[in-house]
Amino acid sequence: MKKFLIRICVFFIIIFLIDIFIGRVLSYMVANAKDGDFKACNYICDESLDDILVFGSSRAVRHYNPSIIGDSLGMACFNCGQDGMGVILNYGRYQLHCQNHRPKLIIYDILPAFDLLKNDNHKYLKWLMPYYDKKGIPDIFDSVDFAEFFKMRSMMYRYNSIYINVIANYVPTNCSRNIGYKPIDVSVDTIIINDHRKESVLTYDSVKIAFLNKMLDLSKETVFVFVVSPIFYEFDTTPLELVKKMCKEKGAHYIDFSNHPKYNHNVSYFSDGVHMNKRGADEFSRDLVRELKQRKILQIHNYDRKD
Amino acid sequence: MIFNSFNFVVFFPLIFLLYYIIPVRFGKARNAFLLFVSYLLYLQWKPIYALFLLGVTLVTYFSALLLPKVSKPYLLLVASVLLTIFPLFFFKYFNFVNESLLGVLELIGIRWNINGLNWAIPVGISFFTFQALGYLWDVYYKRIEAENDFLSYALFISFFPSILSGPINKASLVIPQIKNLRTYFDYEKAVKGARFLLWGMFMKVAVADRLAIFVDTVYEDYMANTGLTCFAASVFYSLQIYADFAGYSLMAIGVGKILGFELTENFRRPYFAVSVTEFWHRWHISLSTWLKDYIYIPLGGSRCSKGRNYWNIFVTFFVSGIWHGANWTFIIWGCVHGICQIFEKILGQQKNNYGLMGTIIKILLTFLIVNFAWIFFRMPTISDALGMIIHIFDISQPMTVDIPQKSHLLVLFILIAKDFLDEYYSKLKNLFDKSILIRWSIYIIVFVIIMLQGVFGADQFIYVGF
C-alpha cells in the first residue's frame, strides 16, 4: 500500500513539473504568436485601437470585410470573429479589449445557436483559456462551470485542444495569412448547398443571455449593432425576438439581412448554406454600411466623421 | 459515478482511503462500506430510482432462495423474471411498444390515443436487471447455489464501478470475491487497475469525446456534407463507440482492481475480428456471454438442426438489438449482425482460412459490415440511416473529405497502434514490464495527451443511455 501511494505521489509530482514546463512554453508561444488566431487574439486584447470591431462566429469572420466597412465609415475596423464561437468568447475578448481602448462601433453578427440557445458552453471557453490569468476572465469561467476553476490550476490544460494552433501560430510561415477577416474564395460552380435544417425546441440559455446583457452594459458609450447577416435559405428569426427586445431596452440597434431577397437562394454569393463567399461578403459589407448610414446610427451618437 | 467527471476525481481517492482504513478482518464492514457507497452514488442520479435497484435486488434474492424449496420452480422462475424485468420494460420499452401498437392499429383503421411516458430511464437498469436475471437463471439451472448473505448479493448487483455500463458480471465470478476475505491490498492488482484507469480515460476523453465533436456535427446534418465526409464520420463513429464503451469498461475493471476485485473482461480489440461471429467474441463480451448462456443455449444453441440453429442465432441477436434500445434502428442493427453470422455459418467463414492477405481482407470486410450496421445504431430513424448510407454511395458529389481537426488523427493513431501491438506483437509487453523507464514514459505521455487533447466538459458515456 505504502509503495503504491508513494509511486502515485511521485507520478503526480512529475506530472506537476511537466505541467509547469509545457504550460510556460505554450504561454510564451501564445504571447509571441506570429500568425493566425492567436496573433489576432493578442491584437484584439493588447494592441487594437480600432474604432469599429466586428464580433461573432465563422459567419462574422467570413461576411464582414473590414476594409470596406472601415473605408466607407472613415474609421479603422477589425474583424474579431472566431469560428464556432459565440457570446461567451466574444464578451471575454471585448472585456480584455476595453481594458485598453473603447471602440466607437460594435457590429455583432448574432446567431441563435451560439449566442442565445442552450448547448454545451464549455466549448466557448476554448480560446479564452490561455488568457485565464487576465483580469475578469476567471469570472467568465466560473459562470459556465465551477469546476473550471480547478481545471485551470493545470497550466497544460489551458492549451487543451488548441496546442497545435499555438505551435502553428508561433512558427513563422513564408506566406503570411491575414488575421481577422477570412474570406472564402469558392468557385460558384462547385458549391453544394443542402437545406437539411431540423426543427428543434427553442430553449434559451440563461448564461449566454446574461453575457449578452453584460456586453451591452459594457458598451454604454459605444454604438452597438446586432446584425443577422445573409443566409442562403429562409431563416427562422423567432429566437431573435429576445434580441430585439434587448435592443429596445438597452438602446442598441438591430439589422436583419437574413431573409433579404438579394441574397436568399443566390448561389453566386454563397460558399455553403450559411457562409457567403468573398463576392457575397463584399456586397454585404457595402449594403451594411449603406444601411448604417441610412439609419444614421453613427450620427445619432455623433460618431460619424465623414458626413 | 461517471469516471471522467469532476466528482470521480474528488470522491474516488476518498473512497479508496476510507475503504482501506477498514482492517481486512472486518470483511463484512468493508462490503457494507462498498454497498453504502454504491447506493449513495446511485442516489445522486434520481433518488427515487434507487428503489427499483433495491426492488430488483430483493425480488431476485428471495426468489433464488425459494427456487430449490418450491415444488414448481419453473412457475416461480417465470413470475420472478417477469417481476424483475417489469421496471426495465416499463421505463425503456413502454413508449416503443405503445407507439408501435398504435401504428399497427392505425393501419387497420382504428384510431386510439394513449399518451407515452416522459420519464427518464433509471441509469444502468439494463445492466443490473440482466445481471440479476443471470444470477436467477444460474440458480435455477443449478450452476450455482442461492446466496444467503443479502449484503453480499446486494453489493454484487449494485457494485458502483459496473452498475452504470457494465460489465455484466456473473455471480459465480464476483460473489465469491465479495464473500471471501480479500487480501488487504494487492499491489500488482492495484497497479494494473491504475493502468487500466489511465488507458480507459485516454480512450474516453481523448479519443471518444474528441471524435464525437466531428461525428455529431456530420450525423446531425449529413446532407450538408460530402459522401466521403459522411463515410469518414461513420468510421470515426465506429471508433468512437469502441473507445467510449471499451474505455468505460476498462475504467470500471480498473477501479474494481484497485479495490481488490476482478471483473469480467469486456473487450478484446474487436476491430481485428475476421468475421462478425468473431467480432461478437471480442465486443461487449459480458453481454455476448449473457445472451449465449441465457438465450442462445436454452433455445437449443448449435446442438440441433441447421435451420433451428440459424433461427437461434437470429433470435439471440434480435434480443441483443432490443436490449440496446427501444427503437427499430436497434432491432435492425441486431438483425443485421444476426443475419451476417448466419451467412458466415452457411459459408464456413467464421474463422480465417486464407493466410495473411485473407486475414487483412476479412478484417477490412468485417469492419465495413460492422461500420455500416453502426449507422443504424447511431441514427434516430431507419429513414435517416438509409438516407446517410445512400448519401455515402452517391458518387455525383465532390470526392472530398472535410475533417476540421486533424489532431483527431494523432489520438486515433495511438489507439490503433496500441491495439495492433497487443494483437500481433504481444511479446513487446515484456519490454514494457521489464523497463520502468519505458513504462513510466508511456504513463506520462498518455497523461499529458489526456490533458492536452481530452474533452472534459463532455456528456455521459454512450452506453450509460442503455
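Two strands are said to pair if DSSP finds at least two bridges between them. Helices (H or I, at least four residues) and strands (E, at least two) are DSSP runs, numbered from the N terminus. This is a predicted model, in which local features need pLDDT of at least 70 and side-chain atom pairs count only at pLDDT 80 or more, while totals for chains, interfaces and linings use all residues. Residues are numbered from 1 along each chain as its sequence is written, and chains are lettered from A and ligands numbered from 1 in the order in which they are written.

**The sheet of chain A**

Begin with the strands of chain A, where an open sheet of five strands has the order β2-β1-β3-β4-β5 with parallel pairing. Its edge strands are β2 (77-79) and β5 (253-256), each of which pairs on one side only. Neighbouring strands are turned by 20 degrees against each other on average, direction ignored; axes are lines fitted to C-alpha atoms, for helices over the stretch in contact, and angles run from 0 to 180 degrees between N-to-C directions.

Select β1 (residues 52-55) of chain A next: three bridges pair this strand with β2(A) in the parallel sense. A:L53 has A:F78 in β2(A) as its bridge partner.

**Strand β4 and its neighbours**

Now move to β3 (residues 105-109) of chain A, which pairs with β4(A) in the parallel sense over five bridges. The partner of A:I107 in β4(A) is A:V225, and the partner of A:V225 in β5(A) is A:H253. Between β4 (residues 223-228) and β5 of chain A there are four bridges, and the two strands run parallel. From β4(A) the chain crosses through helix α11 (residues 241-250) of chain A to β5(A), in a right-handed β-α-β crossover (with the strands pointing away from the viewer, the path from the first strand over the helix to the second runs clockwise).

Are the residues of β4(A) buried or exposed? A residue is buried if 20 or more other C-beta atoms lie within 10 Å of its own, exposed if 12 or fewer, and partly exposed in between, with C-beta atoms placed from the backbone. Six of the six residues of β4(A) are buried, so this strand is largely enclosed by the rest of the structure. In a regular strand the side chains alternate between the two faces of the sheet. Colour A:V223, A:V225 and A:V227 on one side of β4(A) and A:F224, A:F226 and A:V228 on the other; both faces are covered.

**Two helices of chain B**

Turn to chain B and select α9 and α19, which pack at an angle of about 30 degrees with their axes 10 Å apart. Among the residues that meet are B:L198 and B:W199 in α9(B) and B:Y443 and B:V446 in α19(B).

**Where the chains touch**

Show both chains together: the contact takes 22 residues from chain B and 26 residues from chain A (residues are in contact if their C-beta atoms, placed from the backbone, lie within 7 Å). On the side of chain B, α1 (6-21), α9 (187-220) and α19 (436-453) each give two or more residues. The most come from α19(B), with seven residues.

**A last stop**

Finally, select B:I175 in helix α8 (residues 171-179) of chain B. B:I175 is buried, with 20 other C-beta atoms within 10 Å.

Notes. Contact = placed C-beta atoms within 7 Å.
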